[in-house]
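Visitor: Please take me closely through the part around the ligand and the loops that go with it. Keep it brisk, as I am new here.

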Amino acid sequence: TDAVTTAALGDWIRRAAAALSENADYLTQLDSAIGDADHGTNMNRGFTAVTAKLEASKSADIPALFKTVGMTLISSVGGASGPLYGTLFLEMGKNAPAGGEMSAGDLETALRAGVAGVVARGHAEAGDKTMIDAFDPAVEALSASVAAGGSAADAVTAAAEAAKKGSDATEPLVARKGRASYLGERSAGHIDPGSVSATILLRTLAEALKE
Ligand code: ADP
Ligand code: MG
Ligand code: MG
C-alpha cells in the first residue's frame, strides 16, 4: 500500500540520524566558513538524543512520534537549528492525522505546515540563505507530485531533489538571517549548512518510504 506508516517514519528518523552522523564533519565544515562551526555537532547531538528517546518510548501514533522528535530536538540542541527543526516536527505533529498511517496528501499537509512553522519562528524568506531555501522548493515539488497522483515515495523523492537544487543555489547568496548574516557580503561563496541538513532529512525520508 501507499500509506505512510509510523514504522516508516521511525525508519526515517533512524536513517536521518545515521546520515547526519556520517555528514557531521561536512556540516561543521560548512558552518565554519560562515558560522560558528557547530552545525554537524548540533544535528548529530539532536538526532542521537531523538533515536534514544524513540527507542525508550515506542508509540504507534504519528502525531506522537513527531511531537517526541520535536520536543527532543528543542531540548537537546542549543543552536538556532534546534528550535527551528524542533518547530518543524512539532507542527508536523499538530497537522498529521491521529493514528498509525497517513496518505501522501496528509504528509504534504503536515510538511507544508511544518515549514510554515519554521518561517513563522525564524522569519526567513526564500533567498535569505537558510534551510528555507531547501524546504520551500521541496514543499512545492512535493505538492506538484501529489497533485499528479504520485506516491508518497515518488513525491518525497521529487522534494529531496528540489531541496538539493535549492541548497546548491544558496552558494552565491548573501545571508540575511542567522549567524552567517553577521558576515554580510563575505557570506557569499559558501553553501548554507542548514540547507544541507534539510536536504539530508528529505533524502532519508524518501529512502525510508521506498522500503
Ligand atoms: P547556530 O547558527 O546557532 O550555531 P546551527 O549552526 O546549528 O545554529 O544552524 C545554522 C543554520 O540554521 C543555518 O545554516 C541556517 O540554515 C539555519 N538558520 C539560522 N537562522 C535561521 C532562520 N532565522 N530561519 C531559518 N533558518 C535559519
Ligand atoms: Mg552554527
Ligand atoms: Mg552555534
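Guide: A residue is near a molecule or strand when its C-beta atom, placed from the backbone, lies within 6 Å of it. Keep in mind that this is a predicted model: local features need pLDDT of at least 70, side-chain atom pairs count only at pLDDT 80 or more, and totals for chains, interfaces and linings use all residues. Residues are numbered from 1 along each chain as its sequence is written, while chains are lettered from A and ligands numbered from 1 in the order in which they are written.

Start with the ligand. Ligand 1 has 24 residues around it. The closest are G79, S81, G122, G178 and G194. The elements giving two or more residues to this shell are α3 (39–56), α5 (81–94), α6 and α9 (193–210). With three residues, α9 gives the most. Helices here are DSSP runs of H or I with at least four residues, strands are runs of E with at least two, and both are numbered from the N terminus. By type, the shell holds seven nonpolar, 11 polar and six charged residues. Ala, Val, Leu, Ile, Met, Phe, Trp, Tyr, Cys and Pro count as nonpolar; Asp, Glu, Lys and Arg as charged; the others, Gly among them, as polar.

Now the loop between α6 (104–122) and α7 (132–147), where D128 sits. D128 is buried because 21 other C-beta atoms lie within 10 Å. The cut-offs: buried means 20 or more other C-beta atoms within 10 Å of a residue's own, exposed means 12 or fewer, partly exposed is in between, and C-beta atoms are placed from the backbone. D128 touches A175, R176 and K177, leaving out residues up to four places away in sequence. Contact means that two C-beta atoms, placed from the backbone, lie within 7 Å. M92 is 36 residues from D128 along the chain, and their C-alpha atoms are 23 Å apart.

K129 is in the loop between α6 and α7 too. K129 is buried, since 28 other C-beta atoms lie within 10 Å. Its backbone stands out. Most residues other than glycine have a negative phi. K129 is not a glycine, yet its phi is positive, about 70°.

A37 also has a positive phi, about 60°, without being a glycine. Find A37 in the loop between α2 (24–34) and α3. A37 counts as partly exposed because it has 15 C-beta neighbours inside 10 Å.
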